[in-house]
Amino acid sequence: MFTRTYHAAHPEMMAGVSNEALRDRHLVSGLFRDGEIVLTYSHGERFVIGGAVPAGKALALPAQDAPASVAGHPLLERRELGVVNIGAGAGLVTVDGEAIPLAKYEALYVPMGSREVTFAGDGARFYLLSVPAHAPFPLRKVTAADTSPFRRGALETSNQRTICQLILPHVCQSAALCLGLTRLDPGSVWNTMPPHVHERRSEIYLYFDLEAEDRVFHYMGQPDDLRHLVMQNEDVVISPPWSVHMGAGTRNYSFIWAMAGENLDYEDMDVIDLCQLR
Ligand SMILES: O=C(O)C(=O)C[C@H](O)C(=O)CO
Ligand SMILES: [Zn+2]
């Protein structure tokens, strides 16, 4: 049921890594295919990272297929799910009979224990992130208006942006998933500047709202030993706990950041001074 499994990476695996190997280990692409649900599995925090593009039909989240003891059980039997519509069209997510409309940039928290989850809506493109949970929390739709978006950066430093914390304890309860949306102002291209690491959490970035010809140069690695990945619209990068995650694009764009790990404290990050970067 998973099109790819991504293994956890050790920092020493960055030494002499080829571009191909780096992309193979950390870059997730091809998640958004018309009429399909595509799911990938990362051993980092056991994230399921996926996309659902209904394109005129309803798509159902598949059941677990392994091991035999849980085959046929709901995927969310012991997991929670975050959904964000990144498409221009209105979407509809139905969770155990409750239908929730999701417009572009709107998110849904789906609790552990949910049995039937379906996705519909022409022009909707659902980004899916699921991690193991220990308890169910209420099903909840979250829009930017439910959050207190905050501004970071400045036009002078090409990193003026708005950060919306969509799934974090002060907005929406969850067991382990933290999720938000950052949108760069026109003329700004740098995200997450200055960068940081967080030893207690892995992070997944999805870049979108880019034109087909645009690219984001995503930097990763230990602060004193950086590498980069060239990323396109709707590409995802898996960032291990020891890695910085920051990027610059050929234009402004949006990205969804999702984390899971030991705590739900957004501020649990070690900010890197630019003079530490190599
Ligand atoms: O633009 C930013 O800065 C971010 O959105 C940073 C992410 O929120 C992040 O990396 C959280 O750990
Ligand atoms: Zn981070």
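Guide: Two strands are said to pair if DSSP finds at least two bridges between them, and with that in hand we can go through this model, which is a predicted one.

Visitor: What makes β5 and strand β10 (residues 117-120) a pair?

Guide: The pair is joined by 2 bridges, and because at least two are required, β5 and β10 qualify, with the two strands running antiparallel. As for individual residues, A60 has T118 in β10 as its bridge partner.

Visitor: Why are β5 (59-60) and β8 (98-102) called edge strands?

Guide: They belong to an open sheet of 4 strands, ordered β5-β10-β7-β8 with antiparallel pairing, and each of these two strands, β5 and β8, pairs on one side only.

Visitor: Which strands lie at the edges of the open sheet of 7 strands?

Guide: That sheet has the order β1-β3-β4-β11-β6-β9-β12, and its pairing is mixed; its edge strands are β1 (5-6) and β12, each of which pairs on one side only. Within the sheet, strand β3 (residues 36-42) and strand β4 (residues 47-53) run antiparallel and are joined by 7 bridges, and the partner of I37 in β4 is A52.

Visitor: How do you know whether S148 is buried or exposed?

Guide: S148 has 11 other C-beta atoms within 10 Å, and since exposed means 12 or fewer, S148 is therefore classed as exposed. S148 sits in the loop between β12 (140-142) and β13 (150-152), and its C-alpha atom is 20 Å from that of M269, a residue 121 places away along the chain.

Visitor: What makes the residues of the UniProt "binding site" annotation gather at one spot?

Guide: The annotation, which comes from an unreviewed UniProt entry, covers H196, H198, E203 and H245. These residues span 50 residues in sequence, yet no two of their C-alpha atoms are more than 11.3 Å apart, so they gather at one spot.

Visitor: Which residues have the most contacts inside the largest nonpolar core?

Guide: They are V83 and I167, in a core of 68 residues, to which strand β23 (residues 254-261) gives the most, with 6 residues. Beyond four places in sequence, I167 touches residues including G82, A107, Y109, V142 and C172.

Visitor: How do you know that the chain agrees with a compact globule?

Guide: For 278 residues, a compact globule would have a radius of gyration near 19 Å, and the chain has 18 Å, so the two agree. The C-alpha atoms fill a box of roughly 55 × 40 × 35 Å along the principal axes, and buried residues make up 41% of the 278 residues.

Terms used. Residues numbered from 1 in each chain as written. Chains lettered and ligands numbered in written order. Predicted model: local features only at pLDDT ≥ 70, side-chain atom pairs only at ≥ 80, totals over all residues. Buried ≥ 20, exposed ≤ 12 C-beta atoms within 10 Å, placed from the backbone. Core = buried A, V, L, I, M, F, W, Y, C linked by C-beta atoms within 7 Å. Contact = placed C-beta atoms within 7 Å. UniProt positions renumbered as here; feature names shortened; annotations may be inferred. Rg over C-alpha atoms; globule rule 2.2 N^0.38 Å.
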